Amino acid sequence: MKTRIQELRKKHKLSQEELALAVGVTRQTITSLEGEKYTSSLVLAYKIAKHFGMTIEEIFDFSEVEDE
Amino acid sequence: MDNYQNTLKHRIVWILGLDALALAVIIITGIFGQDGTSFTQGFIRGFQIGIFAGLQGFVLFHVIKYFFAIRDEGKLKALKIAENDERAKFIRDKIGGGGFNFSIAGVAVGTVAAGFYSQTIFFTLLTTIVFMVLVKGALKIYYNTKY
């Protein structure tokens with residue numbers, strides 16, 4: 001699933017490790033999310049959205065899901 | 001975080017308890033076990049001692065890790081995150097999780113025990129455990145790369 005996590009992380013000048021620590025996951029999970037290899041759970045998506053002060057839909061691209 | 005600290009303390013007690021049991025078994029079997037001078041019997045005995053030595057290394061590593069984590073808030077948080085990471089849990093579930101590890105441990109115990117009674121059964125179980133470990137390793141690499 002496409003996300004804006006990398007874009008937002010760089011905008012906020014955060015490292016992957018810092019973001020991972022803030023949302024309670026490992027750096028590898030953030031790497032996988034940014035690489036579009038792994039789709040986060042609802043809880044993690046909420047934590048990431050809350051961390052950036054945005055909604056889930058503004059960060060995660062659901063267009064592929066809507067096309068199905 | 002206090003709950004997790006208590007969890008680690010209980011784990012240390014459990015690990016050391018099981019380790020004491022394994023130590024008792026290896027000492028008793030060393031005293032009362034069958035003596036043998038053939039290469040095969042030496043190999044079997046070496047495997048049994050090797051499993052025990054590996055277990056000691058495992059116990060020492062984890063007890064030290066938990067000990068330092070209990071005393072350092074940063075390490076405690078990092079350990080908790082690593083253990084509860086959702087992607088890691090997802091991959092563990094894909095591989096077969098705790099059930100698969102339990103099966104490997106069970107076959108390992110059976111292999112050690114069989115070494116005292118039957119060489120045929122020992123080598124059969126040894127082959128089985130090598131296969132299971134290779135399968136788990138391959139799956140772990142595959143899913144860690146995929147996700």
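Which side chain meets that of B:Arg11 in a salt bridge? In this predicted model, the partner of B:Arg11 is B:Glu83, with a distance of 2.8 Å from N to O.

Over all chains, the structure holds three salt bridges. In chain A, the side chains of A:Glu34 and A:Arg9 form one of them, at 2.6 Å from N to O. A:Glu34 is part of helix H3 of chain A and A:Arg9 of helix H1 of chain A, so this pair connects parts 25 residues apart in sequence. Both residues are buried; the term applies because a residue under 20% relative accessible area is counted as buried. A further salt bridge joins the side chains of A:Arg4 and A:Glu7, at 2.9 Å from N to O. Here A:Arg4 is partly exposed, with a relative accessible area of 31%, and A:Glu7 is partly exposed at 45%. In general, side chains of opposite charge can pair when their charged atoms come close.

A patch of negative charge gathers A:Glu36, A:Asp61, A:Glu64, A:Glu66 and A:Asp67. Of these residues, A:Glu36 is located in the loop between helix H3 (27-34) and helix H4 (42-52) of chain A and is partly exposed, with 42% relative accessibility. In chain B, a nonpolar surface patch of about 460 Å² is made by B:Trp14, B:Leu18, B:Leu21 and B:Val25.

Most residues other than glycine have a negative phi. A:Glu36, although not a glycine, has a positive phi of about 60 degrees. A positive phi, near 55 degrees, is also found for A:Lys13, which is placed in the loop between helix H1 (5-11) and helix H2 (16-23) of chain A. A:Lys13 is exposed, with a relative accessible area of 74%.

The predictor assigns the complex an ipTM of 0.86 and a pTM of 0.79. Chain B has an average pLDDT of 88, and 95% of its residues score at least 70. Among the elements of chain B, the lowest mean pLDDT, 85, belongs to helix H1 (residues 2-32), and the highest, 94, to helix H6 (residues 119-146).

Technical notes. Residues numbered from 1 in each chain as written. Chains lettered and ligands numbered in written order. Predicted model: local features only at pLDDT ≥ 70, side-chain atom pairs only at ≥ 80, totals over all residues. Heavy atoms only, no water. pLDDT = per-residue confidence, 0-100. Helix = DSSP H or I, 4+ residues; strand = E, 2+ residues; numbered from the N terminus. Patch = residues over 30% accessible without salt bridge, like charges linked within 9 Å, V, L, I, M, F, W, Y side chains within 5 Å. Areas by Shrake-Rupley, 256 points an atom, 1.4 Å probe, with all protein chains shown as cover. Salt bridge = Lys/Arg side-chain N within 4 Å of Asp/Glu carboxyl O. Lys, Arg positive; Asp, Glu negative; His and termini not counted. Charge placed at Lys NZ, Arg CZ, Asp CG, Glu CD. Buried < 20%, exposed > 50% of the residue type's maximum accessible area, 1.4 Å probe, protein only.
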